[in-house]
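Work through the two exercises below with the sequence and the model in view, and try each task before reading its solution.

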Amino acid sequence: MLKYLITVYTLLTLSFSAWAAREEVIRVPYDWNWTLETTIFKPYGEGPFPLVILNHGKEFGDARLQKRYRGYPIAREFTKRGYMVAMPMRLGFSKSDGVYKQYGCDMVKDGYIQAESVAPAVDFFKKRADVDPNRVVMIGYSYGGVVSVAYAAAYPNTVRGVISFAGGFKKISGGCIWDIELSKAYAEFGSKNKTPQLWIYANNDSLFSPAMVERMYRSFRQPNIPTRAVILDDFEDDGHKLFEDPDGVSLWLPEVENFFKTLNLPFSITQ
C-alpha cells in the first residue's frame, strides 16, 4: 500500500531561463489512507540534497478548486543552488485528500491545524535517501507564511530556519477583527518559537501594510531567537505579488542569501 502511495505519477524535465530541474508529482502519506498531492523540483544528481519545504497560500473560493502549487520563481532559485524543493498541498487543497477547515476568528487554532497538515510531509522527506535531514528550511508564501510560522511553534527544532514571504491571513467576513486576532496568533507562535526566522514584505503589499507587519513582529519576537522582518520597496501595483513574479527575485534574493549564511547553509549556484 505504501509503495502505491508514494509512486511518482508525473515526471517532467524543465529547462528554461537557465534553469534545469526535474519536476515530480507524488502522493505523500498523511495517515493510514489519506495522501497529500506534492510537487517536487529536484536538482540533477543523486544527493543527498538540502531541502526547502515551500508552503502555498490560499486563493479566493473553494480550496478544492485551487490548482497545484508550483512556485516557479522561488523554486527555481533554490533548485539552481542544489536544493530539492517540495510543495505539499495541505488537506482539502487541490487533489490532496481530506477537507480544508477554517476556525472563524481563531487564527491560533487555524495556524496549528494547517501546520499539522504539513508535518507528515516534512517527516516523509527527511527520511528519503536523497535528502539531507539536517539541512531543511521551511518557506511559506502568504497564508503559507502563517503556516510556516505556526509549524515552527508546534514542531520545534525540526527545521533549521523559517522564511515567511508576505505572510499573513486576512479574514474579512463574519465580524472578525482580523488584525487583532492575527497579532494574538503571532504572540502565541512567538512564545513557542525556537527557530531563526526571516519575514519579507513589500512596502505596498495590498493585504499586509508595514504597520501591520510591525504589529505582528512586536507580538511575535522573542529576544533570544533571531527573527528579522524586512520591508522592501514598492513592487509594481501590489507588493503581495512580489514573490510570484520573476521580476521580483532580485529584490528578495539578497535578504534570503544573507539569512542562509547565518544558518551556515550553502547558497552558491551549482547548476
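A residue is called buried under 20% relative accessible area, exposed over 50% and partly exposed in between, with a 1.4 Å probe and protein chains only. The model is predicted, so local features need pLDDT of at least 70, side-chain atom pairs count only at pLDDT 80 or more, and totals for chains, interfaces and linings use all residues. Residues are numbered from 1 along each chain as its sequence is written, and side-chain values use heavy atoms, with hydrogens and water left out.

**Exercise 1.** Decide how far strand β5 (residues 84-88) is enclosed by the rest of the structure, and find the strands joined to it.

*Solution.* Start with burial: 5 of the 5 residues of β5 are buried, so the strand is largely enclosed by the rest of the structure. Next take the faces, where Met-84, Ala-86 and Pro-88 lie on one side and Val-85 and Met-87 on the other. Then turn to pairing, which requires that DSSP finds at least two bridges between two strands. Strand β3 (residues 35-42) runs antiparallel to β5 and is joined to it by 4 bridges, with Ile-40 opposite Ala-86. Strand β4 (residues 49-55) runs parallel to β5, with 3 bridges, and Leu-51 has Met-84 as its bridge partner.

**Exercise 2.** Describe how helix α3 (residues 107-126) packs against helix α5 (residues 178-192).

*Solution.* First, the axes are 8 Å apart and the angle is about 55°. This makes α3 oblique to α5, since angles under 35 degrees count as roughly parallel, over 145 as roughly antiparallel, 65 to 115 as roughly perpendicular and the rest as oblique. Finally, the contact (heavy atoms within 4.5 Å) includes Gly-111 and Tyr-112 of α3 and Trp-178 and Phe-189 of α5.

Technical notes
Axes fitted to C-alpha atoms, helices over the stretch in contact; angles between N-to-C directions. Helix = DSSP H or I, 4+ residues; strand = E, 2+ residues; numbered from the N terminus.
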